[in-house]
Amino acid sequence: METILVVEDEKRIRDIVRDYFTAHGLGCDLARDGAEALDLLRDHDYDAILLDVFMPNLDGFQVCRAVRQRSQVPILFLTALGNEEDMLRGYALGCDDYVTKPFSLAVLLAKTRALIRRGRGGSEALACGAVSLDPGRRTCTVEGREIKLSPREFDLLECLLRNQGQVLSRAQLLDKVWGLDFQGDDRAVDVRIRSLRAALGEAGKQIKTVFKAGYRMEEG
């Protein structure tokens with residue numbers, strides 16, 4: 001059974017999420033704050049983390065930073081925030097998605113399952129120009145040097161590599177990478193493309209913007 005960690009300082013929300021997820025076949029551990037979450041993460045491996053942003057002592061951004069120093073487990077932020085600056089901060093730290101409160105439990109469950117599913121990937125190696133990807137090992141290298149990517153960045157790059165040379169619209173990328181259950185707008189694609197390019201360094205230039213059409217992966 002897949003097990004997730006819910007980190008939320010409001011007991012009512014913790015309990016509601018736990019009851020709903022366990023009723024749908026997912027194991028669920030609970031943490032009241034960031035410190036308790038990090039204690040649990042030292043002793044347990046989770047398939048995904050649902051992480052509140054605003055908590056006493058250690059906030060969600062601090063917890064995300066600490067987790068990413070040792071793990072690429074999918075992280076989904078639970079937040080009342082919705083502006084681009086906060087989204088970019090979370091993505092820069094390595095989160096994979098946001099759900100804004102109040103949220104639909106059905107959508108939250110679908111997003112969590114999609115993150116877990118996409119985190120497993122396939123096995124064949126992919127390459128384009130300086131960029132190589134091993135979906136089975138979930139590793140990315142640029143000119144032989146391993147690059148750390150968040151699970152969402154990895155999935156986006158994998159999609160571009162599997163369709164290299166083809167223009168993929170924002171709508172296509174949302175469907176292929178975020179999933180049909182995604183309820184945000186296509187700005188999420190632009191935000192994540194920027195973070196992916198930054199992570200790839202000079203090789204990020206291989207991701208071309210096609211005006212009014214979408215994005216394309218090329219060798220140079």
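Which residues does L108 touch, not counting residues up to four places away in sequence? The first view takes this up.

This is a predicted model, where local features need pLDDT of at least 70, side-chain atom pairs count only at pLDDT 80 or more, and totals for chains, interfaces and linings use all residues. Residues are numbered from 1 along each chain as its sequence is written, and side-chain values use heavy atoms, with hydrogens and water left out.

View 1. L108 sits in helix α5, residues 105-118 (helices are DSSP runs of H or I with at least four residues, strands are E runs of at least two, both numbered from the N terminus). It touches V17, F21, L50, L76, L78, V99 and F103, leaving aside residues up to four places away in sequence; contact means heavy atoms within 4.5 Å. With 0% relative accessibility, L108 counts as buried (buried is under 20% relative accessible area, exposed over 50%, partly exposed in between, with a 1.4 Å probe and protein chains only). L50 is 58 residues away from L108 along the chain, yet their C-alpha atoms are separated by 9.3 Å.

**View 2. The open sheet β6-β7-β8-β9.** Here 4 strands line up in that order, with antiparallel pairing; two strands pair if DSSP finds at least two bridges between them. β6 (126-128) and β9 (145-147) stand at the edges with a single partner strand each, so one side of each has no neighbour in the sheet. On average, neighbouring strands are turned by 25 degrees against each other, direction ignored (axes are lines fitted to C-alpha atoms, for helices over the stretch in contact, and angles run from 0 to 180 degrees between N-to-C directions).

**View 3. Two hairpins that share β7.** On one side, 3 bridges join β6 to β7 in antiparallel fashion, and A127 has S132 as its bridge partner. This hairpin has 2 residues between its strands, and G129 in the turn has a positive phi of about 60 degrees. On to β8: 4 bridges join β7 (residues 131-134) to β8 (residues 139-142), again antiparallel. L133 stands opposite C140, and D134 opposite T139. The β7-β8 hairpin has 4 residues between its strands, with R138 in the turn at a positive phi of about 60 degrees.

**View 4. The faces of β7, and helix α6.** In a regular strand, side chains alternate between the two faces of the sheet. Helix α6 (residues 151-162) lies across β6, β7 and β8, running at about 110 degrees to β7.
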